[in-house]
Amino acid sequence: MDQKLHNLKTQAWAQINSADSVAELEQLRINYLGRNGELNKIAEDLKNLDSNQKALVGRIFNDTKNALENLILEKIQEIRGEEKKGWFDPTVPGIEPILGNLHLVTQAIEEISGIFQKIGFVRVRYPEVEWDWFAFEALNMPKDHPARDEWETFFVDHPEDKKYGKMVLTPHTSSGQPREMQRVKVPPIRMINIAKCYRRQSDNTHVPMFHQFEGLVIDKGINITHLKGTIDFFAKQFYGEKAVSRIRPFHFMFTEPSFEVDFSCVHCDGKGCRFCKSGWHEVGGAGMVHPNVLKAGGIDPTEYSGFAFGWGVERAQLLKPGIEIDDLRTLYSTDLRHLRQF
Ligand code: PHE
């Protein structure tokens, strides 16, 4: 295979050197380095090598690729220089290339997945366009139940399914709970589902498309202490050693008991400041999975129990120090001056 690479390099080298127009060079670039180019064809063979050989040939492969890329660039510059018939002033300062960066939300998603992976959660992702059944009915929210109003749902113009009902844009990652139960079938389940959610809302602290991360743990003997321990672990990892969490009684149809979860304010360590007022920030909901939800997912509630939590990614991230954004909507604007800061 390295012989093949060598031959290819020699042949490409000769053709590039004898090219005399930019168009010709662009064509050579496509032929050799393009997605369906000669080099990628050879790369296919890399897969069949054992790992020692792979490392060695892989290096030769990359060197060849870089060498050809550079040669083409050099040649293009040379031709352009001649075309202009100008002179090249090497003292003119270069144009600094713009470096991209990951979006704030992507950064948060990566960090959150990493934290939960450390304690054995499996990252999954479930459909954004979802059936009513997964988003509501399996979560103990029967048709027309007023509790559903909270979720300000977008409905998709699509024929209803006999079993699964209407099609919706999933309003929360909890729809991943019954999906994960059906996928795994037999617990233990340790899921972290991070996905886009949609609700009819738009103001300083809400956007119609946002992200949630949903944890679901099901096994024998799971109780509230496991939930509290997991939440505290996350608080310390995400907001720093001093952070703590608290849970307050609340109500959701799909958990019993249910809680709202707060994290201590990172600006004042929970003492109370202009930013938090009370010392705490609410981030989302949690609770022990309702037996009806386990049943809907095909899991026997007399044998297994579990906890779940679901929080907003944007909200969790904006509570970090150094990120003061008054209007959540700016996160999804195309104003690069804003986005480049992070
Ligand atoms: N899905 C709920 C929401 O969007 C949050 C939640 C998740 C509550 C899991 C309890 C358990 O508000």
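These legends describe close-up views of a predicted model. Residues are numbered from 1 along each chain as its sequence is written, and side-chain values use heavy atoms, with hydrogens and water left out. Local features need pLDDT of at least 70 and side-chain atom pairs pLDDT 80 or more, while totals for chains, interfaces and linings use all residues.

View 1. The ligand sits in the largest pocket. A pocket here is an open set of points on a 1 Å grid over the protein atoms alone, where a 1.4 Å probe fits, with protein on both sides within 12 Å along at least five of seven lines.

**View 2. The shell around the ligand.** The shell holds 15 residues, a residue being near if one of its heavy atoms lies within 4 Å. His172, Ser174, Arg199, Gln212 and Gly310 come nearest. By class, the shell has 6 nonpolar, 7 polar and 2 charged residues. Nonpolar covers Ala, Val, Leu, Ile, Met, Phe, Trp, Tyr, Cys and Pro; charged covers Asp, Glu, Lys and Arg; the others, Gly among them, are polar. Strands E6 (209-219), E9 (280-289) and E10 (305-312) each supply at least two shell residues. E10 gives the largest share, 3 residues. Strands (E, at least two residues) and helices (H or I, at least four) are DSSP runs numbered from the N terminus.

View 3. A polar contact is a pair of N or O atoms within 3.5 Å. The side chain of serine 174 places a polar atom 2.8 Å from a ligand nitrogen. Tryptophan 151 has a polar side-chain atom 3.4 Å from a ligand oxygen. For arginine 199, a side-chain N or O atom is 2.8 Å from an oxygen of the ligand. Taken alone, the ligand exposes 320 Å², and the protein buries 93% of that (Shrake-Rupley method, 1.4 Å probe).

**View 4. Two cis peptide bonds.** Most peptide bonds are trans. The bond from proline 187 to proline 188 is cis, with omega near 15°. Proline 188 lies in the loop between helix H7 (176-184) and strand E5 (189-198). The bond from glutamate 256 to proline 257 is also cis, with omega near -5°. Proline 257 is in strand E8 (residues 255-264).

**View 5. Asparagine 140.** Most residues other than glycine have a negative phi. Asparagine 140 has a positive phi of about 65°. Asparagine 140 is in the loop between helix H6 (132-135) and strand E3 (155-161).

Methods. A polar contact is a pair of N or O atoms within 3.5 Å; within protein, one must be able to donate a hydrogen and the other to accept it, and residues adjacent in sequence count only if both atoms are side-chain atoms. On a 1 Å grid over the protein atoms alone, a cavity is a set of points where a 1.4 Å probe fits but cannot get out, and a pocket is an open set with protein on both sides within 12 Å along at least five of seven lines; lining residues have an atom within 4 Å of a point. A molecule sits in a cavity or pocket if more than half of its atoms lie within 2 Å of its grid points.
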